[in-house]
Amino acid sequence: MAGMDIHRRNNVTVTGPDDGPVVVLAHGFGCDQNMWRLIVPALAKQYRVVLFDYVGSGGSDLSTWSQERYSSLHGYAQDVVEVCDELDLERAVFVGHSVSAMVGVLAARAAPQRIGALVMVTPSPCYIDGDGYRGGFSTEDIEDLLASLESNYLGWSSAMAPVIMGNPDRPELGQELTNSFCATDPDIARVFARTTFLSDSRDDLQSVHVPTLVLECTEDAIAPREVGAYVHAAIASSRLVTLDATGHCPQLSAPEATAEAILDFLRDVRGEPRG
């Protein structure tokens, strides 16, 4: 696909110094690149920051969406690889929120020359409990969640977004996530939700051999702390940091702490002294 098509298809935006090391920020289910706005200024002082929307989200070209491609996390990973190819990125740091953390694992394996480090923000390789693993949900929980989403997406969004966001004392955060969910085409959201909540990427973690930061929150209804510990244990080259934050979206609820944890990791990856 021609270069300008990739930019338009994924609504690619780039900020920060042209000659700076590159950080790619990838949003999760029901969101878009706007979710990163509170930490971009801190990163863009030194780093070239690449933002994009997965096809079907935000300002992407919805006409290029297909259920066949985006019924698998590999379809989203293909978006990442094509954006990196178009920008000719080398050894970029990929920052993935929620399900995008696992998309980053797949993209790094598919294009190791493009991605040199991973930051996983509240990741989960599998949402369903089983075989001594705690993902946070039973099979019945996920089936009920998907059934509710498919029968009344707007109602599901209004009920679930505040739970996912956490921080009930700051209702504006839950409202922002609700608005983001509700702005997504319901038919596309249903496919992305099934792709997300039925995925099992636990075996894929063994393929990660790049420096990796796992960021978790003290309380998270979607990715409990057992999940962060599991991901950290599965990736030999990883570092686990527990943010003094609650909810599933610390880039919104605790942007300063999230940005600083990412910057500390980036300095270490580059062998720079911490500021």
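Within strand E5, Ala-117 is the bridge partner of Val-93. The model is predicted, with pLDDT of at least 70 needed for local features and 80 or more for side-chain atom pairs, while totals for chains, interfaces and linings use all residues. Residues are numbered from 1 along each chain as its sequence is written, and side-chain values use heavy atoms, without hydrogens and water. Helices (H or I, at least four residues) and strands (E, at least two) are DSSP runs numbered from the N terminus.

Strand E4 (residues 92–97) pairs with E5 in the parallel sense over 6 bridges; pairing requires at least two DSSP bridges between two strands. E4, helix H4 (residues 99–110) and E5 form a right-handed β-α-β unit (clockwise from the first strand over the helix to the second, with the strands pointing away from the viewer). E5 also pairs with strand E6 (residues 212–219), in the parallel sense over 4 bridges, and Met-120 stands opposite Val-214 in E6. In E5 (residues 115–121), 7 of 7 residues are buried (under 20% relative accessible area; exposed, over 50%; partly exposed, in between; 1.4 Å probe, protein chains only).

Helix H6 (residues 153–165) bends by about 30° at Ala-159, and Pro-162 follows within four residues; the bend is the angle between axes fitted to the seven residues ending there and the seven starting there. Buried residues of H6 include Tyr-153, Trp-156 and Met-160. Leu-154, also in H6, counts as partly exposed because its relative accessibility is 46%. The C-alpha atoms of Leu-154 and Thr-178 are 8.7 Å apart, at a sequence separation of 24 residues. Just after H6, Gly-166 has a positive phi of about 70°.

Definitions and conventions
Expected span 1.5 Å × (residues − 1).
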